[in-house]
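Hello,

I am handing over the structure below. My notes on it follow.

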Amino acid sequence: MNTTPPTESVIDRARTSYGDDGFSKYLRRAFLASSGYDDVALDRPIVGIAVTKSDYNTCHRDMPALLAAVRRGVLEAGGLPMEFPTISLGEILTSPTTMLFRNLLAMDTEEMIRALPMDAAVLLGGCDKTVPAQLMAAASSDKPVLLEVVGPMMTGSWQGERLGACTDCRRFWGRHRGGELDEAEITGVRNELVSTAGTCAVMGTASTMACLTETLGMMLPGGATPPAATGARLRHGVETGRRAVELGRSGGPLPREIMTPAAFRNAIRVLSALSGSTNALIHLTAVARRAGVPLDLRDFDAIGAEVPLLVDCKPAGSGYLEDFHRSGGLSALLKVMEPMLEPETVGVSGSTLGSLIEQTPARQDWQTTIRPLKDPLGAAGSLAVLHGTLAPGGAVIKTAAASPHLMDHTGPALVVDSAEDAARILDDPDLDVTPDHVLVLRNAGPVAAGMPEAGALPIPAKLARAGIRDMVRVSDARMSGTSYGTVVLHCTPESAAGGPIALVRDGDLIRLDVAARRLDLLVDEDELERRRADFVPPELPARGWRRLYAQTVLPATEGADLSFL
């Protein structure tokens, strides 16, 4: 651990290059004087606060209040807060997908931490790709870093039914597509789905990554679940600001000293207990690679297979994040999971995981959101990793949110060549499709499309109107952590790289056998070789970030980071 305090104020280190160090220090303090900073202020520990507030990111609407709380904590501890903006990735308003820009946000944040004078950094995020990007940046940085999230939204109500984004978004939209809800009714639902600021109210990617960040030790205990609208969220922000000053004074621990192999194994166990977002497999892999920790797709299956589903939150359960928080949040879950965890890990709090668990009250019987190990909500292996002739590099399925009767299924393929074509094809009233078909979406992987959350293809309209609510779906895309259904994702190699998914044709038989961890295209190899000869890879984007991304992005199984990072 790096505990050697700096001998020179950070404001005088990492100077702007003018060819004259003395002039650089003099000029820096001269310009800061114009903002009211004197030498007393500038000689304090400086905490940089990365802010992802944006009108295009409604989840972060209340970030100004959280920022003020963190700043107050920094000032209370004798530090100087200095905020700086980074890219903000609002999930709903970004085209074509925020995943295309996750690595760009990670680069932006990493470079600003390195370039700006600060003793420590607090990274404010929350929405799906902000937290993974910030963890990636932290893993590559050489300064103490803490993360703080905006927290989940509260639930709303429609016609007496409690609801919240975004599992309920999909459920009600499916009912609208099936003809159960008219335009006035679906509009009424729409106006209640997102009732406050904050990230999705269910165990989607945002809350999954918040819980994993706390488990890794990159967030102070108790930070993953307080809703955005609560005083608990602001109090945690103040605590984070105070702790950032302490870390700035001591110079550590650094993120790579916190994010150890044991910390990642604990995170995988928690991911399984939550039945968290399948996106977490990509994000954790990317963060681990940045931290120098070997993490393989099979690790998720092997470690997760030992952990039952313990948290009753949508989409795998029936509750919401505010229920999880009121039941004790992640700390209470870790208490229940204590026999399964490696207690020696140490996070930004400075305490071992074991000591934090020891201080946590025992599970209370009055609450039902967090289940005991002896009475879990679901069986172990809530996420499964598949291999086979259709996904030789691997694929993923959230078994806890899938239909049991489809977990061993063979059916003919119905191929959709791009996410943009999906609605046109699947809404065709004359489409030749049955519930036994396997819907295949391709050209939606990292290289082809930035890997959008398009994998949970909608049920064909004619089947939806007939009451069909689930089918086997296979793609090289991702799906939202709020989604549910028998959906196989992240097929690797992707179609744009010439993977077997590029060779599937309508009517080919596909076999899904989750128990055997298999996904197979039942077409003989000679025929596949003939099809490979006709394969033409897609053209790269013409310029800019999208071209750089397509040229250098790694497969989903390697975290979809850029190869040179």
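Strand S8 (residues 394–398) and strand S12 (residues 487–492) pair in the antiparallel sense, over three bridges. Here strands (E, at least two residues) and helices (H or I, at least four) are DSSP runs numbered from the N terminus, and two strands pair if DSSP finds at least two bridges between them. Within this pair, Gly394 stands opposite Thr492 in S12.

This is a predicted model, in which local features need pLDDT of at least 70 and side-chain atom pairs count only at pLDDT 80 or more, while totals for chains, interfaces and linings use all residues. Residues are numbered from 1 along each chain as its sequence is written, and side-chain values use heavy atoms, without hydrogens and water.

S8 and S12 belong to an open sheet of eight strands with mixed pairing, in the order S7-S8-S12-S11-S10-S9-S13-S14. S7 (383–386) and S14 stand at the edges with a single partner strand each, so one side of each has no neighbour in the sheet.

His409 has Leu512 in S13 as its bridge partner. S13 is also joined to S14 (residues 518–521), again antiparallel, by four bridges. Asp513 stands opposite Arg518 in S14. Four residues lie between the strands of the S13 and S14 hairpin, where Arg517 takes a positive phi near 60°.

Regards
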